[in-house]
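Q: Could you take me through one part of this protein's surface, step by step? I would like to know what lies around it as well.

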Amino acid sequence: MLLGGTTPFIATALVAVSGGPWLVVLFVILCQLLTISAVLYARHTARGAGPGRDGADNPRTPAAAPR
(Lines give C-alpha, C1' and ligand atoms only; values in the text may rest on other atoms or scores of the structure.)
Protein backbone atom coordinates (compact mmCIF):
# COMPACT_ATOMS: atom_id res chain seq x y z
CA MET A 1 0.00 0.00 0.00
CA LEU A 2 2.76 2.45 0.82
CA LEU A 3 4.82 1.82 -2.28
CA GLY A 4 2.03 1.57 -4.85
CA GLY A 5 1.77 5.24 -5.73
CA THR A 6 5.43 6.10 -5.29
CA THR A 7 6.89 3.17 -7.23
CA PRO A 8 7.15 5.06 -10.56
CA PHE A 9 9.09 7.85 -8.85
CA ILE A 10 11.37 5.38 -7.10
CA ALA A 11 11.93 3.43 -10.32
CA THR A 12 12.76 6.62 -12.23
CA ALA A 13 15.25 7.66 -9.56
CA LEU A 14 16.86 4.21 -9.54
CA VAL A 15 17.25 4.24 -13.33
CA ALA A 16 18.73 7.74 -13.18
CA VAL A 17 21.25 6.67 -10.52
CA SER A 18 22.26 3.37 -12.08
CA GLY A 19 21.82 4.13 -15.77
CA GLY A 20 20.01 0.83 -16.29
CA PRO A 21 17.08 -1.22 -15.06
CA TRP A 22 18.95 -3.50 -12.65
CA LEU A 23 18.30 -1.51 -9.49
CA VAL A 24 14.61 -1.40 -10.40
CA VAL A 25 14.63 -5.18 -10.80
CA LEU A 26 16.24 -5.56 -7.37
CA PHE A 27 13.71 -3.13 -5.89
CA VAL A 28 10.79 -5.15 -7.28
CA ILE A 29 12.31 -8.41 -6.01
CA LEU A 30 12.76 -6.86 -2.56
CA CYS A 31 9.12 -5.73 -2.54
CA GLN A 32 7.99 -9.22 -3.56
CA LEU A 33 10.02 -10.83 -0.79
CA LEU A 34 8.53 -8.40 1.70
CA THR A 35 5.02 -9.24 0.47
CA ILE A 36 5.61 -12.99 0.65
CA SER A 37 6.97 -12.76 4.19
CA ALA A 38 4.01 -10.59 5.26
CA VAL A 39 1.52 -13.08 3.81
CA LEU A 40 3.22 -16.01 5.51
CA TYR A 41 3.33 -14.14 8.82
CA ALA A 42 -0.33 -13.14 8.50
CA ARG A 43 -1.32 -16.75 7.86
CA HIS A 44 0.66 -17.78 10.95
CA THR A 45 -0.87 -15.17 13.23
CA ALA A 46 -4.39 -15.76 11.90
CA ARG A 47 -4.30 -19.09 13.72
CA GLY A 48 -3.71 -17.33 17.05
CA ALA A 49 -0.01 -18.11 17.30
CA GLY A 50 1.37 -14.58 17.15
CA PRO A 51 3.97 -13.17 19.49
CA GLY A 52 2.63 -12.74 23.01
CA ARG A 53 -0.60 -14.59 22.28
CA ASP A 54 -1.61 -17.87 23.81
CA GLY A 55 -4.81 -18.20 21.80
CA ALA A 56 -7.07 -17.58 24.80
CA ASP A 57 -8.64 -14.53 23.18
CA ASN A 58 -9.12 -16.27 19.83
CA PRO A 59 -12.46 -18.11 19.63
CA ARG A 60 -11.12 -20.44 16.90
CA THR A 61 -8.48 -21.96 19.15
CA PRO A 62 -9.02 -23.89 22.37
CA ALA A 63 -8.55 -21.90 25.54
CA ALA A 64 -5.44 -22.44 27.61
CA ALA A 65 -5.78 -24.95 30.41
CA PRO A 66 -6.46 -23.38 33.83
CA ARG A 67 -3.55 -23.38 36.23
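**A look at Leu-26**

A: Let's start with Leu-26, which is exposed at a relative accessible area of 53% (exposed means over 50%, buried under 20%, partly exposed in between, with a 1.4 Å probe and protein chains only). Keep in mind that this is a predicted model, where local features need pLDDT of at least 70, side-chain atom pairs count only at pLDDT 80 or more, and totals for chains, interfaces and linings use all residues. Residues are numbered from 1 along each chain as its sequence is written, and side-chain values use heavy atoms, leaving out hydrogens and water.

Leu-26 sits in helix α2 (helices are DSSP runs of H or I with at least four residues, strands are E runs of at least two, numbered from the N terminus). Together with Val-17, Trp-22, Leu-23, Val-25, Ile-29, Leu-33, Ile-36 and Leu-40, Leu-26 forms a nonpolar patch on the surface. Such a patch joins nonpolar side chains (Val, Leu, Ile, Met, Phe, Trp, Tyr) within 5 Å, like charges being joined within 9 Å, from residues with over 30% relative accessible area and no salt bridge (a Lys or Arg side-chain nitrogen within 4 Å of an Asp or Glu carboxyl oxygen). The patch has about 920 Å² of accessible area, by the Shrake-Rupley method with a 1.4 Å probe, and for residues only the protein chains shown count as cover. Helix α2, residues 22-46, gives the most to it, with eight residues.

Stepping back, the chain has two helices and zero strands, and buried residues make up 15% of its 67 residues.
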